[in-house]
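Welcome to this short tour. Please open the structure in your viewer, and we will go from one selection to the next.

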Amino acid sequence: MLKFIIKRLLWIIPVLIGVTVIVFTILYFSPGDPAYLALGDNATPEAVEAYHIEMGIDGSYATRLGRTLTGLLTGDLGLSYRSRTPVMDELLVRFKVTLDISAWSIVLGIILGILFGIVSALKQNTIWDTLATGCALFGISMPMFWQGLMLILLCSVYLNILPASGYGSTWKQMVMPVIALGVNSSATIMRTTRSSMLEVLRQDYIRTAKAKGQSYYLVIMRHALKNAMIPIVTVIGLQFGTLLAGSIVCESIFSIGGVGKYLVDSMNSRDYAAVQGCVLMIAFVSAVLNLIVDIIYTYIDPRMKTMYNSVKSKKPKKGGAAA
Amino acid sequence: MKKSVTEKKHTMLGEIWRRFKKNRQAVIGLIVLILFILIAVFAPVVAPYGYDDQDASRAMMRPCTDYPFGTDNLGRDVMSRLIYGSRYSLSIGFLAVGISVITGGFLGIIAAYYPKLDNIIMRTMDLFMAIPQMLLAMCIVSALGPNLFNLMLAVGLSSTPKFARVVRASVLSTREQEFVEAARAIGASNTRIILRHIIPNSMAPLIVQATLAMAGAVISASALSFLGFGVAPPMPEWGAMLSAGRKYIRQAPYLTVIPGLAIMAIVYALNVVGDGLRDCLDPRLKK
């Protein structure tokens with residue numbers, strides 16, 4: 001198991017390198033020279049060149065890419081074109097904010113999603129099921145930024161109970177961003193929970209558990225939910241990644257100084273070093289989350305553990321386990 | 001034509017339609033979608049005013065009988081702008097997904113059919129998948145410059161990996177079927193087998209995925225426009241309208257409420273149609 005974790009951790013390195021190459025290449029072709037943005041349109045060629053060297057953006061595509069990659073391996077994401085300070089420092093401060101909001105949001109999403117998913121699966125084809133699935137469908141159809149604005153309209157403009165923007169001074173500022181992000185992911189989690197539970201509830205072992213007189217609660221929690229968990233955990237992992245991306249919009253709406261707002265601001269001022277840093281940061285966190293999801297699998301379904309353990313053995317039985 | 005014969009035979013499309021129309025929600029979604037398409041096509045006829053008809057004397061009017069959805073800060077009729085805006089949302093939805101179906105489909109088929117390329121293509125797709133879709137779209141748009149076409153391209157390309165995966169999985173299971181073996185036995189070329197046998201028989205999951213992806217594309221395109229990376233004003237794109245109306249959320253909340261409702265309606269319709277199609281195309285759920 002430990003071997004598997006280490007192997008997967010090491011696998012993140014080539015992924016990050018690949019992502020760097022992709023993002024670097026895309027941004028390399030972006031129009032505009034950051035030197036003119038920083039120094040003004042009338043900058044002399046010498047000043048521009050000096051700025052290029054200072055920022056490490058002189059030379060050909062290959063040299064710059066090489067410089068970026070070696071920087072990455074030492075944890076250096078380059079200098080921000082705007083502030084001329086290391087991108088990494090800025091990101092670390094802001095990342096705490098984003099992580100704080102995303103973590104609360106996913107907790108809200110998990111609680112709401114799994115709860116309503118179970119209820120709706122147990123009461124399939126009743127009014128409660130229709131209501132819950134209908135709400136979930138609305139939830140995934142609502143653009144998150146609009147939902148955020150509607151919350152502001154309701155809670156700050158009309159009811160005046162929550163502050164419309166900011167982060168960090170009171171817990172009240174967290175409420176709306178967390179609801180906006182969390183409700184959106186709870187809809188997806190709910191739909192997965194429902195379909196996965198429906199599948200499991202049809203199984204013979206559920207009938208057996210009921211037949212032997214097991215209490216209703218235990219049948220649901222221990223026999224049904226536990227077996228329905230694999231797709232749910234997968235979706236939760238994916239949703240966390242979506243949440244991180246969604247925080248870009250969310251943070252702009254609620255003026256929260258997290259990675260998302262930094263990214264949008266950097267993009268607007270063509271600060272591509274910072275943009276690249278943000279994308280890498282988010283990709284890195286998503287990769288780590290995927291790993292965590294894979295580890296959680298083995299706790300839910302011990303059969304997977306043997307699969308991971310046999311990864312190293314000469315002939316891994318890919319057949320059934322891989323599917 | 002021999003109408004009675006086709007009716008008895010239950011053609012494949014007829015069978016799908018028969019199952020689809022049992023799902024009332026999906027049918028409603030389809031009707032809403034068709035309505036939106038009609039509105040978009042006949043926008044100049046339906047809209048009471050032009051999308052950029054400014055008139056300071058009627059600025060910021062609340063919804064009333066003359067202006068059912070009110071007017072914005074420049075005195076433009078919100079309803080007319082919404083009607084013209086449906087053209088953007090729909091065309092972005094269809095074309096962006098079209099782009100990802102073509103690129104993703106091509107890569108997926110190649111990967112499934114030529115095992116040598118499989119690893120290279122799918123690992124590259126994995127790398128792209130490591131970047132959240134919205135971020136990838138933002139990067140592409142900023143590299144190409146923000147305008148309508150680039151927005152479509154960015155949204156489309158950013159979901160290419162997802163389609164490549166779906167198509168690959170579907171083709172992998174189709175290529176093991178006997179009819180493919182039969183086609184190969186009578187000497188059909190690879191291109192012919194792919195075009196005539198594999199593609200038509202792996203369509204179902206692709207169609208479902210495409211409908212649902214359209215909903216996602218409409219949302220991400222409007223989110224990008226909202227952030228200022230998409231369609232620029234004065235074009236009446238719904239996300240851009242929302243973003244412009246946001247400044248007046250206290251005085252004129254309808255400027256943010258209404259475009260959002262429009263986005264939601266179209267995305268909802270696409271989602272229920274997609275769900276309905278999945279239920280009637282997915283062989284596992286066949287009754």
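Predicted model: local features only at pLDDT ≥ 70, side-chain atom pairs only at ≥ 80, totals over all residues.

**Stop 1: chain A as a whole**

Select chain A and colour it by secondary structure. You will find 14 helices and 0 strands, so the pattern along the sequence reads α-α-α-α-α-α-α-α-α-α-α-α-α-α. Along the principal axes, the C-alpha atoms of chain A fill a box of roughly 85 × 65 × 30 Å. How many of the residues of chain A count as buried? Of 323 residues, the share is 39%. Now apply the contact term to chain A: among contacts with a separation of 6 or more, 72% are between residues 24 or more positions apart.

**Stop 2**

Where the two domains of chain A touch, 16 residues of domain 1 are in contact with 14 residues of domain 2. On the domain 1 side, α1 and α2 (34–39) of chain A each supply at least two residues. Which of the elements gives the most to this side? The answer is α1(A), with 12 residues. Sorted by class, this side of domain 1 has 12 nonpolar, 3 polar and 1 charged residues.

**Stop 3: a proline in helix α3**

Stay in chain A and select Pro45(A). You will see Pro45(A) in helix α3, which covers residues 45–55 of chain A. Is Pro45(A) buried or exposed? Pro45(A) is exposed, because 8 other C-beta atoms lie within 10 Å, and a residue with 12 or fewer counts as exposed.

**Stop 4: two loops with a positive phi**

Next, go to Asn125(A), in the loop between α5 (87–122) and α6 of chain A. Asn125(A) is a residue other than glycine, yet its phi is positive, near 65 degrees. Asn125(A) counts as exposed because it has 8 C-beta neighbours inside 10 Å.

Now move on to Arg270(A), in the loop between α11 and α12 of chain A. Arg270(A) is not a glycine either, and its phi is positive at about 55 degrees. Why does Arg270(A) count as buried? Arg270(A) has 20 C-beta neighbours inside 10 Å, and a residue with 20 or more is buried.

**Stop 5: where chain A touches chain B**

Show both chains and select the residues in contact between them. The contact takes 37 residues from chain A and 32 residues from chain B. On the chain A side, the elements that each supply at least two residues are α1 (2–28), α6 (127–141), α7 (144–158), α10 (216–253), α11 (259–268) and α12 (272–300). Colour this side of chain A by class, and you get 29 nonpolar, 8 polar and no charged residues.

**Stop 6: chain B as a whole**

The C-alpha atoms of chain B fill a box of roughly 75 × 50 × 30 Å along the principal axes. Chain B has 287 residues, and buried residues make up 43% of them. Among contacts in chain B between residues at least 6 apart in sequence, 69% join residues at least 24 apart.

**Stop 7: a helix pair in chain B**

To finish, select residues 203–227 and 254–281 of chain B, which are helices α12 and α14. Their axes are 8 Å apart, and the helices pack at an angle of about 165 degrees. α12(B) and α14(B) are therefore roughly antiparallel to each other, and α12(B) passes α14(B) in a left-handed crossing. Show the side chains of the contact: those from α12(B) include Ile207(B), Leu212(B) and Val218(B), and those from α14(B) include Ile263(B), Leu270(B) and Arg278(B). By class, the residues of this contact of α12(B) with α14(B) divide into 15 nonpolar, 4 polar and 1 charged.

Methods. Residues numbered from 1 in each chain as written. Chains lettered and ligands numbered in written order. Contact = placed C-beta atoms within 7 Å. Helix = DSSP H or I, 4+ residues; strand = E, 2+ residues; numbered from the N terminus. Nonpolar A, V, L, I, M, F, W, Y, C, P; charged D, E, K, R; others polar. Axes fitted to C-alpha atoms, helices over the stretch in contact; angles between N-to-C directions. Parallel < 35°, antiparallel > 145°, perpendicular 65-115°, else oblique. Left-handed = near helix turned anticlockwise from the far one by under 90°.
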